[in-house]
Amino acid sequence: MPRRRIGFWYRLAAVIAKPPLMVLIKRDWRGIEHIPTEGGFITAVNHNSHIDPFAYAHFQYNTGRLPRFLAKSALFKKGFVGAFMRGTGQIPVYRETTDALSAFRAAIDAVERGECVAFYPEGTITRDPDQWPMTGKTGAARVALQTKCPVIPVAQWGANELLPPYAKKLNLRPRKTHRVLAGQPVDLSRFYDREMTPDLLKEATEVIMAAITRQLEEIRGEKAPDTPYDPRQERIEQRRRTAAQNRLAEQAKAEQEEGQGT
């Protein structure tokens, strides 16, 4: 399968984005040999900065295999940004709508056409206090098991030092290094040809996230926590705290009203 033609919009993006990236960050890119030279595949990448999609896209662009990212549908409606997203063939994600599965279908179609689809399995910037990968969502596993395509785990670090998570100001000095390490394809063969139950998809996703985390451990020279941070658990705990606070407030109000009544 031939590589995807670069086209006008990707060339324009390279002209706009590459010069500032070259100035702002140095590059330590490894594992390019693991990026398939032909055929459809998935890259599964960790996410720790609002600008790491640009830094990672630069890495992927230089491999010769152009990525198609899954991105929020709202971005496709914003003037020049929307035109760029459409022109480069990015895939809109319609969350919590009747069209929510269209991104899944588009990703499968792209892989089957021999393209690269880039997934951020965490779905958002990591909320782990030390910026390790969180638990992942099952989209990448779902597409991988449907198509049996290679899944390349990719870890990146450094863009988050230039622009920390949820920060609004660049940390320019000293000049940061964007480190990328692409690994060998994740072995998901034991999940093939089985019913894609929620439990099976969760297990396959955990295998993918573990591979990304191992890559990041090598980049950082540190050991990740044994249990990945789970934002869903945080939401559960927050709901419990809110419910407990509401009960205490209601109890205090009732005691106050009882006191006024006497």
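I take helices as DSSP runs of H or I with at least four residues, and strands as DSSP runs of E with at least two, numbered from the N terminus. By that rule Val-81 is found in helix α3.

**Ground rules.** I am working with a predicted model, where local features need pLDDT of at least 70, side-chain atom pairs count only at pLDDT 80 or more, and totals for chains, interfaces and linings use all residues. Residues are numbered from 1 along each chain as its sequence is written, and side-chain values use heavy atoms, with hydrogens and water left out.

Entry 1: I sorted residues by cover: buried is under 20% relative accessible area, exposed is over 50%, and partly exposed lies in between (1.4 Å probe, protein chains only). Val-81 has a relative accessible area of 39%, so I logged Val-81 as partly exposed. Next I looked up its patch.

**Entry 2: helix α2.** I checked the length of this helix. The expected span is 1.5 Å times one less than the number of residues. Helix α2 (residues 52-63) has 12 residues and should span 16 Å; I found its end C-alpha atoms 17 Å apart, which agrees. I then listed the buried residues of α2: Asp-52, Ala-55, Tyr-56, His-58, Phe-59, Gln-60 and Thr-63. An α-helix has 3.6 residues a turn, so residues three or four places apart point the same way. Just after α2 comes Gly-64, with a positive phi of about 90 degrees.

**Entry 3: the sheet.** I count two strands as paired if DSSP finds at least two bridges between them. Seven strands form an open sheet in the order β1-β7-β6-β2-β5-β3-β4, and the pairing is mixed. At the edges sit β1 (25-30) and β4 (91-93), each pairing on one side only. For angles, axes are lines fitted to C-alpha atoms, for helices over the stretch in contact, and the angles run from 0 to 180 degrees between N-to-C directions. The twist averages 25 degrees from one strand to the next.

Strands β3 (residues 67-72) and β5 (residues 116-119) are parallel over three bridges. There, Arg-68 has Val-117 of β5 as its bridge partner. Strands β1 and β7 also run parallel, joined by six bridges. Arg-27 stands opposite His-178 in β7. Strand β6 (residues 151-157) meets β7 in the antiparallel sense over four bridges. Gln-156 has Val-180 of β7 as its bridge partner.

How enclosed is β7? Six of its seven residues are buried, so the rest of the structure largely encloses β7.

**Entry 4: Phe-191.** I found Phe-191 in the loop between β7 (176-182) and α7 (198-220). Its relative accessibility is 1%, so Phe-191 counts as buried. Phe-191 and Leu-145 are 46 residues apart along the chain, yet their C-alpha atoms are separated by 7.1 Å.

**Entry 5: salt bridges.** My rule asks for a side-chain nitrogen of Lys or Arg within 4 Å of a carboxyl oxygen of Asp or Glu. The count comes to 11 salt bridges.

- Asp-28 meets Arg-30 at 3.8 Å, N to O. Asp-28 is partly exposed at 27%, and Arg-30 is partly exposed at 33%.
- Glu-206 meets Lys-202 at 2.6 Å, N to O. They are four residues apart in helix α7, so about one helical turn separates them. Glu-206 is partly exposed at 43%, and Lys-202 is partly exposed at 43%.
- Glu-217 bridges to Lys-223, with the closest N and O atoms 3.6 Å apart. Glu-217 is buried at 18%, whereas Lys-223 is exposed at 59%.

I also noted a network: Asp-28, Arg-30, Arg-179 and Glu-218 are joined by salt bridges that share partners.
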